[in-house]
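Colleague: I have not looked at this structure before. Could you take me through it?

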Amino acid sequence: MIKNNLYLRALKGETVERPPVWMMRQAGRYLPEFQEIKKKYDFFTRCQTPELAAEITVQPIRRYGMDAAILFSDILVIPQAMNIEVEMKNGVGPWLPNPIRSLQDVEKAIVPDIDETLGYVMDAIKLTKEMLNDEIPLIGFAGSPWTILCYCIQGQGSKNFDKAKEFCFTQPLAAHALLQKITDTTIAYLKKKVAAGVNAVQVFDSWGGMLSPVDYQEFSWQYINQIIEALKDDAPVIAFGKGCWFALEEMAQSNASALGVDWTITPEWARKLTGGNITLQGNFDPTRLFSSPAEIKKQVTAMIDAFGKDKYIVNLGHGILPNIGLENAGAFIEAVKEYGN
């Protein structure tokens, strides 16, 4: 039994004393102890070495005591497993030397054996679970099929993913074939993660907001929903679409246990669009963590008041930035823990 099950109770919509709190990208770059590891090991070595991934996962828990841990990994381990080369270049970020540009390229991508290609992730989960000792739940995650496709076709990060969109609009059959392969791989991967011990899974649709509402349904949401349907009986699924407030109404009709929201929507409007029945997670602007600790606490309290303490998980509206001060990150967590006292 997990001792602090606040996060899992919030996902079920139960009444809680205070909402749970964690931060997207909490395992990582803003922590000096993470920077020490980063000096010694490159990015994918950190992901692929279970001892390193587990250590990085628990670092923020030791320091701040969040109500959930999220496994240190990357969304791009999925294309790597599918036979699509992915590097992490300094100063560039993700780099795919051979981006997918045709149906022939899509046909070369495989739906892999997860144990063979991503077994190291399951090993990291088991190690992390031992280190957490059932104190708090562990979250596993994957990128949405659309977000993975964006990198596979663009070949790197982008402000608008124009090549990825052009591919979808000019070669829709190839695009849907790739999206389905990514979806099938992701479902198998997340099921293995649950079997290995994660207590919930989150799907990150980081680039969903690049699509129009109509295109979002065609190229993103239908595939995310396949993942939700496949996993719903195994573990709670949280769907987070950055910039996708326009789809919240439809997302709320799904079997997701919670929906993540970013800072471009008010808590009241997010509740209204989702009918008030589903747990919401978010939506503090990560850049707001540059405010003074006192101001952060004030704003976090106001945010909880606006969402309401039940059916709510406090989080940022996207990942924590690398240059946020430790005291500021701490103020965010403390404000939640002190809520209602």
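Colleague: Where does the model come from, and how are residues numbered?

Modeller: This is a predicted model, in which local features need pLDDT of at least 70 and side-chain atom pairs count only at pLDDT 80 or more, while totals for chains, interfaces and linings use all residues. Residues are numbered from 1 along each chain as its sequence is written, and side-chain values use heavy atoms, with hydrogens and water left out.

Colleague: At what angle do helix 8 and helix 9 cross?

Modeller: The axes of helix 8 (residues 145-154) and helix 9 (residues 162-170) cross at roughly 105° and come within 8 Å. Helix 8 is therefore roughly perpendicular to helix 9, a term for angles of 65 to 115 degrees. Axes are lines fitted to C-alpha atoms, for helices over the stretch in contact, and angles run from 0 to 180 degrees between N-to-C directions. Helices (H or I, at least four residues) and strands (E, at least two) are DSSP runs, numbered from the N terminus.

Colleague: Which residues make that contact?

Modeller: Helix 8 supplies Trp146, Leu149, Cys150, Ile153 and Gln154, and helix 9 supplies Asp162, Lys163, Ala164, Lys165, Phe167 and Cys168. Contact means heavy atoms within 4.5 Å. These residues divide into 7 nonpolar, 1 polar and 3 charged.

Colleague: How far apart are the axes of helix 9 and helix 10?

Modeller: They are 5 Å apart, and helix 9 packs against helix 10 (residues 172-196) at about 110°. Phe167, Cys168, Phe169 and Thr170 of helix 9 meet Pro172, Ala174 and Ala175 of helix 10. That contact has 6 nonpolar residues, 1 polar and no charged.

Colleague: Changing topic, how many residues are in the largest nonpolar core?

Modeller: It has 129 residues, and those with the most contacts inside it are Tyr7, Tyr189 and Phe332. Such a core is a set of buried Ala, Val, Leu, Ile, Met, Phe, Trp, Tyr and Cys residues joined through side-chain atoms within 4.5 Å. Buried means under 20% relative accessible area (1.4 Å probe, protein chains only). Helix 10 gives the most to this core, with 10 residues.

Colleague: What does threonine 185 touch?

Modeller: Threonine 185 lies in helix 10 and is buried, at 1% relative accessible area. Leaving out residues up to four places away in sequence, threonine 185 touches Ile78, Met82, Ile110, Val111, Pro112 and Ile114.

Colleague: And how many aromatic pairs are there?

Modeller: The structure holds 12. Rings of Phe, Tyr and Trp (its six-membered ring) pair if their centres lie within 6.5 Å; planes under 30 degrees apart count as stacked, over 60 as edge-to-face and the rest as tilted. Phenylalanine 161 and tryptophan 207 have ring centres 5.1 Å apart and planes at 45°, so the pair is tilted. Both residues, phenylalanine 161 and tryptophan 207, are buried. Phenylalanine 307 and tyrosine 312 are stacked, with 4.3 Å from centre to centre and 15° between the planes.

Colleague: Last one: is arginine 18 buried or exposed, and what does arginine 18 touch?

Modeller: Arginine 18, in the loop between helix 1 (6-11) and helix 2 (32-40), counts as buried at 13% relative accessibility. Not counting residues up to four places away in sequence, arginine 18 touches Leu6, Asp67, Val336, Lys337 and Tyr339. Arginine 18 and glycine 340 are 322 residues apart in sequence and 7.2 Å apart in space, C-alpha to C-alpha.

How values were computed:
Angles under 35 degrees count as roughly parallel, over 145 as roughly antiparallel, 65 to 115 as roughly perpendicular and the rest as oblique. Ala, Val, Leu, Ile, Met, Phe, Trp, Tyr, Cys and Pro count as nonpolar, Asp, Glu, Lys and Arg as charged, and the others, Gly among them, as polar. Buried means under 20% relative accessible area, exposed over 50%, partly exposed in between (1.4 Å probe, protein chains only).
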